[in-house]
Amino acid sequence: MLTRVHTGLDAVEGVWWKPAHKAEKIWVAIAFAWCMVLFAMMPLWHWKGGQNPSGQRTRVDAKAYYARTVTFASRYKVGDDRGIPIVQPPPGADVYLVGLTFQWYPILKLQQGKEYMLHISSLDVNHGFSLYPLNVNFAVVPTFDYALRVTPTAAGDFRIICNEFCGIGHHTMVGRVIVVDSTGRSVADNTGARIDHGGNP
Ligand code: CUA
């Protein structure tokens, strides 16, 4: 007796599968439609959501970027807070901020309602720029200069918190951005404020 050999390469003859149930077809259609909605939300949120600002990324040498930041800081230095210069660039200027273990350099003093080109980069490892208490977050990556057009909308004395684990001193990596109001007046001074951890005063 001759047995027909069937391999997986050949389709089985006849209708051997059960046709999809109507409900299954509906659910697949709904899932697909929802995928398309989520897919469209990404660009939509980018353009209309007021988030994910478009920045320019350029490759830089980490040490050269740091040197540029130091030059920028000495040029517009107006004060000092525990050894870190307070720097007040003119509106419209290119502003440089660098993250390094474990500090943000320098302290920026900006004017409310004025536009700046903010450059962010790191000297050593990845850091996270998180402007507290606002919901602003950026990855800070060495050898990449992330440039953003920013216009401070609120005056105050803000903190930059590192939100990317970068080493043993990660939790102490706190920077400062001072935004003066349109008359150039500081509306808050949190110089003495401390950020405590674990609820211990
Ligand atoms: Cu820098 Cu964590």
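Is Y96 buried or exposed? Y96 counts as buried because its relative accessibility is 13%, where buried means under 20% relative accessible area and exposed over 50%, with partly exposed in between (1.4 Å probe, protein chains only).

## About the model

This is a predicted model, in which local features need pLDDT of at least 70, side-chain atom pairs count only at pLDDT 80 or more, and totals for chains, interfaces and linings use all residues. Residues are numbered from 1 along each chain as its sequence is written, and side-chain values use heavy atoms, leaving out hydrogens and water.

## The ring cluster

Let's look at the rings around Y96. Ring pairs link Y65, F72, Y76 and Y96 into a cluster. Rings of Phe, Tyr and Trp (its six-membered ring) pair if their centres lie within 6.5 Å; planes under 30 degrees apart are stacked, over 60 edge-to-face, and the rest tilted.

The count comes to 7 aromatic pairs. Among them, Y65 and Y96 are edge-to-face, 5.9 Å centre to centre with 65 degrees between the planes. This pair links distant parts of the chain, 31 residues apart: Y65 is in helix 2 (residues 62-75) and Y96 in strand 4. Helices (H or I, at least four residues) and strands (E, at least two) are DSSP runs, numbered from the N terminus. Y65 counts as buried because its relative accessibility is 0%.

## A buried histidine

H127 counts as buried, at 0% relative accessibility. Not counting residues up to four places away in sequence, H127 touches several residues, including W104, F138 and M173; contact means heavy atoms within 4.5 Å.
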